[in-house]
Amino acid sequence: MKKSPGPLSGIKVVEMGTLIAGPFGGRLLAEFGADVIKIEVPQKGDPIRNWRVLHNGTSLWWYVQSRNKKCITLDCGSPEGLEILKSLLMDADVLIENFRPGTLDKWGLTKEVLEVVNPKLIVSRISGFGQTGPYSKRAGFGAIGESMGGIRYLTGYQGQAPTRVGISLGDSVAALYSVIGILMALYNRDLNDGEGQEIDVALYEAVFSLMESMVPEYDQKRVIRERAGSVLPGISPSNVYLTKDGKYAVIAANGDAIVQRLLKLMGREDLLNDARFSSNEQRVRHMAFIDELITGWTSTLSLAECLDQLNAHGIPAGPIYSIEDIFGDPQYKARDMILDVDHPEFGQLKVPGIVPKLSKTPGSVEWLGPKLGEHNVEVLKGIGLSEHQIQQLAGKGVI
């Protein structure tokens with residue numbers, strides 16, 4: 001993409017996270033112009049460098065998760081490493097960390113020390129259970145946050161074991177809340193009091209925030225939402241429907257006017273005044289009958305024919321895409337959601353596009369995930385270290 005300064009140009013971020021939640025937050029900030037310095041353990045690096053599908057020993061995921069970041073290695077537990085970290089934080093705007101609570105304290109980077117180093121620093125802490133409470137010291141990955149946040153209980157089919165969404169949803173949602181908190185804290189600091197603050201994001205709370213109406217429903221009616229497979233509980237019709245060619249169309253006709261259009265499309269004008277279709281409350285009572293009716297229609301058409309007719313009549317519908325389907329979709333192409341980015345090994349590597357789309361200050365991908373310690377010299381010289389000092393630090397294993 002064309003180089004753009006980005007709306008966060010001039011914001012300096014130090015990222016100390018590993019794997020998914022913290023680094024995903026850092027990636028989002030970097031995509032919109034923030035100067036993100038990612039700190040990794042010498043010799044080892046972020047474990048995500050070796051996760052999932054590898055090419056020449058490096059994860060293809062790494063190139064996406066760490067794009068636009070400057071990567072340095074630093075042993076933050078050593079005295080020299082701690083001093084370098086403090087130097088980096090002195091003029092930073094944001095610190096992102098997703099360690100278990102108390103980890104930075106063990107290194108000597110307590111809240112009080114951070115306030116002395118840089119009173120304007122905004123610190124985003126992502127952890128399994130937050131910085132307080134009886135569970136705060138527990139280890140907590142995204143899978144645990146998803147389980148205790150409520151979404152795993154709802155995912156799957158009734159009478160079967162709960163399943164997971166096929167991605168690290170809990171980590172990603174927590175990262176989004178981290179970024180939202182960072183932007184709010186930056187706004188408050190720069191517009192109001194000029195001071196930094198801490199942002200406390202718990203994985204289980206990030207997931208719990210997605211649970212829609214479950215709290216008041218349980219409070220007032222003792223309703224416990226259960227696993228419901230492919231249907232949308234309490235809403236009808238909204239389901240997946242088998243087509244003639246063995247594929248599935250997702251149809252969300254859950255609106256009174258939309259249902260009327262669907263009935264006409266299916267040639268069932270005889271049901272337009274049927275009380276079973278008159279309101280969502282009535283349709284939910286007759287959900288099985290309605291879904292069977294729709295399947296009877298979709299099963300006479302191929303998926304393409306089905307979707308063409310539904311879209312022509314203003315009925316929300318779509319296919320269920322694999323990544324292969326996404327690669328061939330014209331909508332993804334039109335909105336630059338798959339980008340070709342230059343890379344020394346691949347020539348070009350296809351990576352996900354930028355979300356959201358900003359009309360005046362869009363985000364961009366300037367480079368893909370760097371090699372371990374690739375920016376050591378550049379970053380350390382930027383805080384005043386000489387070439388000789390950098391070589392000494394490398395010899396001691398500090399970087």
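Residues are termed buried under 20% relative accessible area, exposed over 50%, and partly exposed in between (1.4 Å probe, protein chains only). Helices (H or I, at least four residues) and strands (E, at least two) are DSSP runs, numbered from the N terminus. The model is predicted, and local features need pLDDT of at least 70, side-chain atom pairs count only at pLDDT 80 or more, and totals for chains, interfaces and linings use all residues. Residues are numbered from 1 along each chain as its sequence is written, and side-chain values use heavy atoms, with hydrogens and water left out.

Strand β10 (residues 248–252) presents Ala249 and Ile251 on a covered face, whereas Tyr248, Val250 and Ala252 lie on an uncovered one. Strand pairing requires that DSSP find at least two bridges between the strands. Strand β9 (residues 238–242) runs antiparallel to β10 and is joined to it by 5 bridges, with Tyr248 of β10 as the bridge partner of Leu242. A hairpin is formed by β9 and β10, with 5 residues between them, and Gly246 in the turn adopts a positive phi of about 80°. Strand β11 (residues 317–319) is also antiparallel to β10, through 3 bridges; here Ala317 in β11 stands opposite Ile251.

A nonpolar core is a set of buried Ala, Val, Leu, Ile, Met, Phe, Trp, Tyr and Cys residues joined through side-chain atoms within 4.5 Å. The largest such core contains 46 residues, of which Val13, Leu29 and Val94 touch the most other members. Helix α8 (residues 169–193) gives the most to this core, contributing 8 residues. Apart from this core lies another, of 27 residues, including Ile37, Leu85, Leu88 and Leu95.
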